[in-house]
Amino acid sequence: MKTELIPLEDRRIAIIGGAGFIGHNLALALKQKGAQVDIIDGLQVNNLLSFASSDAADNPNRDLYVKVINQRLELLREAGIPLHVQDARDYHGLSHTLDKIKPQVIIHLAAISHAGKSNKDPYSTFDHSLRTLENALDNARGQVEHFIFLSSSMVYGNFLTEEVEETHPLDPIGIYGALKVAGEKMVIAYQQVFDLPYTIIRPSALYGPRCVSRRVGQIFIESAMKGGVLKIDGDGGEKLDFTYIEDLTNGIEKVIQHPKSRNQIFNMTYGKSRSINDLVGIIKEHFPEAPVEFVQRDNLMPFRGTLSVKKLDDLIGYKPTHPIDIGFPKYIKWYKELDPSGKFWMDIKVSG
């Protein structure tokens, strides 16, 4: 029997931490489909306030990232998506904001979204990741129909098999992955105790326009744009399941619409890993002069690979369309259009 989908049109959706890379892209996509989207964000973590108050000497890309974040905010304004500037660590402030929005769906994105930064500052990571999540869950119980939590492939630690399904053992390495596992357990506990329907999503190696999170592909492109070196951790044979932002937002739309997504955990990636050397090959097609250097890899980064998306396809029909051969050329094109004169890249010091 065919499952009746929940229409996105007029669906009230609150995205906590929604002014970041995933959040603003998701908000724009949902708004296009007719949903009533509200964003709650303190603009502090990896966002406007942190970059605007940072020292340019410590972050040569600061002005670029401020420009990118302002581009996000302008797109949200043009789309008529309300932004509620609210720190989600403030329980009562968050409660007051959600009471005004009265969402049917909450999507929780607030977190320190970088493994390296999490390991350097565990206290802040706990505060912005688990404290915000607990506040969101407690405000959601008895109030919303569906709670969606963005977890990570880092929960698995080192992949024990070439392709991992959602039942793979959870053995994270470092602060970031450990807090994601804790977050998943909290979400499941709220379903057990308060019957709060949830979906947990585990993406991997995300990339796409208007990201300032310094993920591997972004670092390569920015290094190439300013004439620097593409520094590869290890020998370049390591594989990641790179996921283009549009595939992720399409997948989350399906999760919201499909009743079979409730109380499920899904990998949400392209579904086929590629090596770092493959990625560098694509980037060098656009920047053939970019030199390559191999450096020692970070031992706190797990060895990963392909995440199976079969469960996601079987239950709700998820079909990603962006292998890196399609996604990264689009991403590089966006970078080149961001500064057509190339002046920004010429003006900053080449640091690799």
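**Cavities, cores and a pocket**

The lining of the second largest cavity divides into five nonpolar, one polar and two charged residues. Here Ala, Val, Leu, Ile, Met, Phe, Trp, Tyr, Cys and Pro count as nonpolar, Asp, Glu, Lys and Arg as charged, and the others, Gly among them, as polar. Those lining residues are Leu240, Phe242, Tyr270, Lys272, Arg274, His322, Pro323 and Ile324. The space inside is about 30 Å³.

This is a predicted model, in which local features need pLDDT of at least 70, side-chain atom pairs count only at pLDDT 80 or more, and totals for chains, interfaces and linings use all residues. Residues are numbered from 1 along each chain as its sequence is written, and side-chain values use heavy atoms, leaving out hydrogens and water.

A cavity is a set of points, on a 1 Å grid over the protein atoms alone, where a 1.4 Å probe fits but cannot get out; lining residues have an atom within 4 Å of a point. Points are joined across faces, edges and corners, and a volume is the space filled by probe spheres set on them. Two cavities of 30 Å³ or more are counted.

The largest cavity has a volume of about 100 Å³. It is lined by 14 residues, and the closest to its centre are Ala110, Ala111, Ser129, Phe149 and Lys180. α6 (122-140), β5 (146-150) and α7 (175-194) each supply at least two lining residues. α6 gives the largest share, four residues. Helices (H or I, at least four residues) and strands (E, at least two) are DSSP runs, numbered from the N terminus. By class, this lining has ten nonpolar, three polar and one charged residue.

Now the cores. A nonpolar core is a set of buried Ala, Val, Leu, Ile, Met, Phe, Trp, Tyr and Cys residues joined through side-chain atoms within 4.5 Å. Buried means under 20% relative accessible area (1.4 Å probe, protein chains only). The largest core has 70 residues, and Leu30 and Ile107 have the most contacts inside it. Helix α12 (residues 324-338) gives the most to this core, seven residues. A second, separate core of 25 residues includes Leu98, Leu137, Val144 and Phe149.

A pocket is an open set of grid points with protein on both sides within 12 Å along at least five of seven lines. α1 (21-32) and α9 (245-257) are the elements that give two or more residues to the lining.

Terms used. Buried means under 20% relative accessible area, exposed over 50%, partly exposed in between (1.4 Å probe, protein chains only).
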